[in-house]
Amino acid sequence: MLLSAAFLAAMTSVSAQKLTYVPYADNGYLMGTYISSDGRYIAGGDAGGQGFIYDTQNGQIKYFVSPENGDETKDASTEVRAVNPDGTGVGYVGDKLCKFDFNTGEYTDLGVNEPALANTMSTDGSVIGGFAWDESTYIQHPIYLKDGVKHDLPMPTSTWLGYEANGFGLTGANADGSMFFGYSTTPVSSSTARSRWTTSTVPS
């Protein structure tokens, strides 16, 4: 949901029908992409290339910005794509898969040795899922990190899918990070079939 300056990022309580707006400073265009399982933290990014985590309990928002943000020659946009009840999140800064911490206001490059981003994480933060891509073809392949170690997940075959795919990515995980779901892409479509992986498919 992309919201204007007047309607930024919001959370709605179904039972109470209460709408609360996330405050903003310089940039009025925020997009919330994830809310923690306990409803405390909202994560996302803004139109200025900044990532954010918002604490709904104390009304505080923290931004995460690449030092290269604003340099038109570089892709330095930032987005927090998942956040846990302890205020830690994952996402990307430019082409780096990163972890974000609301409590410190800092982010950490997790050291994946290829362009990548994270879309999901386990409740304890030990398992992180997303995708990486080839710099020349931009074809995506699903990856996950377990205790800081990167693993490549298998690429479904065209025989199994029933069509020729142009890449795969992970978008979600269960609480302990033992199972992921994601999508495949085709040359003419950004998202088509959904797929499922388990971390047991790669030796630990």
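**Cores, confidence and a buried serine**

Q: What makes up the largest nonpolar core?
A: Its 11 residues are Ala82, Val90, Leu97, Val112, Ala116, Ala118, Met121, Ile128, Ala132, Ile143 and Leu145. They are called a nonpolar core because the term denotes buried Ala, Val, Leu, Ile, Met, Phe, Trp, Tyr and Cys residues joined through side-chain atoms within 4.5 Å. At least two core residues come from each of strands S11 (116–121), S12 (127–133) and S13 (140–146); strands are DSSP runs of E, at least two residues long, numbered from the N terminus. S11 gives the most, three residues.

Q: How is the model to be read?
A: This is a predicted model, in which local features need pLDDT of at least 70 and side-chain atom pairs count only at pLDDT 80 or more, while totals for chains, interfaces and linings use all residues. Residues are numbered from 1 along each chain as its sequence is written, and side-chain values use heavy atoms, leaving out hydrogens and water.

Q: What is the mean pLDDT of the chain?
A: The mean is 83, with 78% of residues reaching 70 or more, where pLDDT is the predictor's confidence in each residue, from 0 to 100. Over residues 1–13 pLDDT stays under 50.

Q: Why does Ser66 count as buried?
A: Its relative accessibility is 9%, and buried means under 20% relative accessible area (1.4 Å probe, protein chains only); therefore Ser66 counts as buried. Ser66 is in the loop between strand S6 (60–64) and strand S7 (78–83).

Technical notes:
Buried means under 20% relative accessible area, exposed over 50%, partly exposed in between (1.4 Å probe, protein chains only). Helices (H or I, at least four residues) and strands (E, at least two) are DSSP runs, numbered from the N terminus. Contact means heavy atoms within 4.5 Å.
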